[in-house]
Protein chains: 2
Amino acid sequence: MKAATKKARKGAAKAFVEAHGEAEAPDFFSISDLSEEFGVTHRAIRFYETKGLLSPKRLNGARIYSRRDRARLRIIVRAKSLGYTLEDTKDYLDLYGQQGEGRIKQLEITAARSAEMIAELQAKKQQIDEQIEELRLINEVCRRKITKKKAR
Amino acid sequence: MKAATKKARKGAAKAFVEAHGEAEAPDFFSISDLSEEFGVTHRAIRFYETKGLLSPKRLNGARIYSRRDRARLRIIVRAKSLGYTLEDTKDYLDLYGQQGEGRIKQLEITAARSAEMIAELQAKKQQIDEQIEELRLINEVCRRKITKKKAR
DNA sequence: CGATAGCTTTACGTATACGTCAATCGTATT
DNA sequence: AATACGATTGACGTATACGTAAAGCTATCG
């Protein structure tokens with residue numbers, strides 16, 4: 001159904017993408033594909049590019065996104081929903097991009113940074129649990145009062 | 001030590017606060033108290049007030065924060081770190097403020113809203129876990145490469 | 001070959017969340 | 001009384017993260 005509705009699509013990126021396998025996990029994506037998949041606007045995706053978070057290939061000017069680009073966008077969207085700025089996320093992506101290279105010094109830095117971020121995220125989970133606890137209380141109080149009022 | 005360093009403090013709010021028990025859990029707080037405790041600026045706290053998230057009492061113009069105000073600020077700060085806007089947080093605080101009152105209709109709405117928010121927060125925890133998983137991978141790859149290089 | 005669809009850049013506008021003066025006022029110490 | 005400290009209210013400025021036209025290129029359809 002997805003391929004059928006795409007029949008009428010045009011543009012350089014589209015043509016290129018559709019010529020490279022349509023099956024299950026495409027190798028390339030247009031900006032509209034990613035826009036739909038992650039629920040972000042074209043404008044936002046381009047904005048992330050100007051901020052250095054993405055750098056897709058081009059074809060006649062049109063942007064072609066690889067799987068790696070797509071993975072990066074997934075991370076961006078996720079990080080944003082967790083309250084991180086694009087600047088934060090850029091740092092993360094930098095470390096995510098070169099997780100294997102460099103000499104010992106660089107590897108140690110990356111290991112340390114990732115450990116820090118894990119700790120930070122776990123603290124965030126803690127915060128969420130606290131918030132959930134408060135909400136559970138509110139919920140229970142309401143439900144109790146409702147049953148009491150209904151039993152009247 | 002805290003009380004000692006506070007010796008030189010002045011201002012209406014301060015005087016009022018210090019006259020009302022300094023022991024462990026004060027009943028009232030100055031803007032500086034809350035600013036220090038939660039790591040937010042005076043400016044931010046006043047801004048939250050203009051947005052209707054806080055509404056402290058006054059004494060000669062100076063703001064006096066109750067425990068309830070303090071609890072609300074705690075929630076604001078926490079929600080912010082989790083990526084919620086002040087608008088989102090205001091909605092939450094509204095529901096948090098009146099968790100007991102209203103007739104059945106209102107209680108049911110509050111119960112439903114709190115359940116929704118719990119689900120949303122759990123989804124957020126899920127996102128965090130995914131992010132943590134990626135970071136663990138990066139971390140392990142780095143550490144393995146480090147030990148390999150050092151064994152060389 | 002003209003229309004249409006989809007993509008592009010450029011530029012200015014907007015919403016959120018404060019920061020940064022500047023002026024002022026009350027309280028407290030010298 | 002003078003000075004200093006802490007707080008207050010505007011008013012304007014700034015950073016982040018996009019939104020919104022406007023105008024143009026390019027490929028495909030009819």
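This is a predicted model: local features need pLDDT of at least 70, side-chain atom pairs count only at pLDDT 80 or more; totals for chains, interfaces and linings use all residues.

Q: What makes the span of α5(A) close to the expected one?
A: The helix has 15 residues and reaches 21 Å from first C-alpha to last. The expected value at 1.5 Å a residue is also 21 Å.

Q: Why is I76(B) called buried?
A: The cut-off is 20 or more other C-beta atoms within 10 Å. I76(B) has 24, so I76(B) is buried.

Q: Where is I76(B) found, and which residues does I76(B) touch?
A: I76(B) lies in helix α5 of chain B, residues 67–81. Leaving out residues up to four places away in sequence, I76(B) touches Y48(B), L53(B) and T89(B). I76(B) and L53(B) are 23 residues apart in sequence, yet 8.2 Å apart in space, C-alpha to C-alpha.

Q: Which residues of α5(A) are buried, and what covers them?
A: They are D69(A), R70(A), R72(A), L73(A), I76(A) and A79(A). The cover includes β1, α3, α4, β3 and α6 of chain A.

Q: How many residues does each chain bring to the contact?
A: Chain A gives 34 residues and chain B gives 34 residues. On the side of chain A, α5 (67–81) and α7 (104–150) each supply at least two. The largest share, 27 residues, comes from α7(A). By class, that side has 16 nonpolar, nine polar and nine charged residues.

Definitions and conventions: Residues are numbered from 1 along each chain as its sequence is written. Chains are lettered from A and ligands numbered from 1 in the order in which they are written. Two residues are in contact if their C-beta atoms, placed from the backbone, lie within 7 Å. Helices (H or I, at least four residues) and strands (E, at least two) are DSSP runs, numbered from the N terminus. Ala, Val, Leu, Ile, Met, Phe, Trp, Tyr, Cys and Pro count as nonpolar, Asp, Glu, Lys and Arg as charged, and the others, Gly among them, as polar. A residue is buried if 20 or more other C-beta atoms lie within 10 Å of its own, exposed if 12 or fewer, and partly exposed in between; C-beta atoms are placed from the backbone. The expected span of a helix is 1.5 Å times one less than its number of residues.
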